[in-house]
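Please read them with the structure open beside you.

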Amino acid sequence: MKVKWTWTVPNVLSLFRIVLVPVFAILYIKSEQYPSLVCWAIGVLVLSGLTDMLDGLIARSCNQVSELGKVLDPAADKLTQVTVMLCLSVRMKQLWPLFAVCFVKEALQSVGAMLLLLRKRSEVQAARWYGKIYTIVFYLTVVLYVVFPPAPTVGLFGSWNMPLWLFAALAVLVGVLLLISFYGYARVFLGIVRDKGDKTK
């Protein structure tokens, strides 16, 4: 399958989200030295989340769904989520296990998608509902972690720290939704492989 570049608003928004990834990382890392940058980091994250929702709405409502968009949109999601989790884990050591699971999940999904593309065995699959739910909860949780991190990490409001039980509960919620999302996409992948295998017999 050939994926051609098409200049559509959703594709431009997906590219914009990819550009925002290093911007967030730099702002968040530097905010440890310059606390005022936390606001900018949050702003970039919120902007990334809004453009994520917006490109999907525009693509469907304006009939601008493209094969390239089905590649760019999940690629932007994966880069954003892995980078954000890495940045947070550097500050909040308790999140390293969640980052590891997130990295493995995104890496395996990327490998699976690339295999299907290289072997021309399927059209690129659009994001499923469970993936979107995970993404929304992920963004909301990350914003809360940045604004109200657990002690001793300093957040947007200084000493306003999140209780450890809430921090852990949100991490577990994100982890569960992440695994559900991975299971759903794994079933889609195996279904495509099985279907194509049957057709070649």
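This is a predicted model: local features need pLDDT of at least 70, side-chain atom pairs count only at pLDDT 80 or more; totals for chains, interfaces and linings use all residues.

1. The crossing of α1 and α2 is left-handed. In the contact of α1 with α2 there are 18 nonpolar residues, along with three polar and four charged ones.

2. Helix α2 has a further partner to look at. It packs with helix α5 (residues 129–147) at an angle of about 170 degrees, and the two axes are 10 Å apart. That makes α2 roughly antiparallel to α5. On the α2 side the contact is made by Val38, Ile42, Leu45, Val46, Ser48, Gly49 and Asp52. On the α5 side the residues are Lys132, Thr135, Tyr139, Val142, Val143, Val146 and Val147. By class, the contact of α2 with α5 divides into nine nonpolar, three polar and two charged residues.

3. Now the chain as a whole. It has six helices and zero strands, so read from the N terminus the elements run α-α-α-α-α-α under the DSSP assignment. Of the 201 residues in the chain, 42% are buried. The accessible surface of the chain comes to about 11,300 Å², and carbon and sulfur atoms account for 74% of that area. Among contacts in the chain with a separation of 6 or more, 75% are between residues 24 or more positions apart.

4. Is Asp73 buried or exposed? Asp73 is found in helix α3 (residues 67–91), and with 12% relative accessibility it counts as buried, because the cut-off for buried is under 20%. Leaving aside neighbours within four places in sequence, Asp73 is in contact with Ser14, Arg17, Asp52, Asp55 and Lys132.

5. Leu68 is another residue of helix α3. Its relative accessible area is 11%, and Leu68 is therefore buried. Leu68 and Trp7 are 61 residues apart in sequence, yet their C-alpha atoms are 9.9 Å apart in space.

6. Which residues does Pro150 touch, leaving aside its neighbours within four places in sequence? Pro150 lies in the loop between α5 and α6 (164–199). At 1% relative accessibility, Pro150 counts as buried. Its contacts beyond those neighbours are Met92, Gln94, Asn161, Met162, Leu164 and Phe167. From Pro150 to Ala168, 18 residues apart in sequence, the C-alpha to C-alpha distance is 9.9 Å.

7. Last, a residue of helix α6, namely Leu177. Leu177 has a relative accessible area of 18%, which means that it is buried. With neighbours within four places in sequence set aside, Leu177 is in contact with Tyr134 and Val137.

Technical notes
Residues are numbered from 1 along each chain as its sequence is written. Side-chain values use heavy atoms; hydrogens and water are left out. A crossing is left-handed if the near helix is turned anticlockwise from the far one by less than a right angle, and right-handed if clockwise. Helices (H or I, at least four residues) and strands (E, at least two) are DSSP runs, numbered from the N terminus. Ala, Val, Leu, Ile, Met, Phe, Trp, Tyr, Cys and Pro count as nonpolar, Asp, Glu, Lys and Arg as charged, and the others, Gly among them, as polar. Buried means under 20% relative accessible area, exposed over 50%, partly exposed in between (1.4 Å probe, protein chains only). Contact means heavy atoms within 4.5 Å. Accessible areas come from the Shrake-Rupley method with a 1.4 Å probe; for residues, only the protein chains shown count as cover. Axes are lines fitted to C-alpha atoms, for helices over the stretch in contact, and angles run from 0 to 180 degrees between N-to-C directions. Angles under 35 degrees count as roughly parallel, over 145 as roughly antiparallel, 65 to 115 as roughly perpendicular and the rest as oblique.
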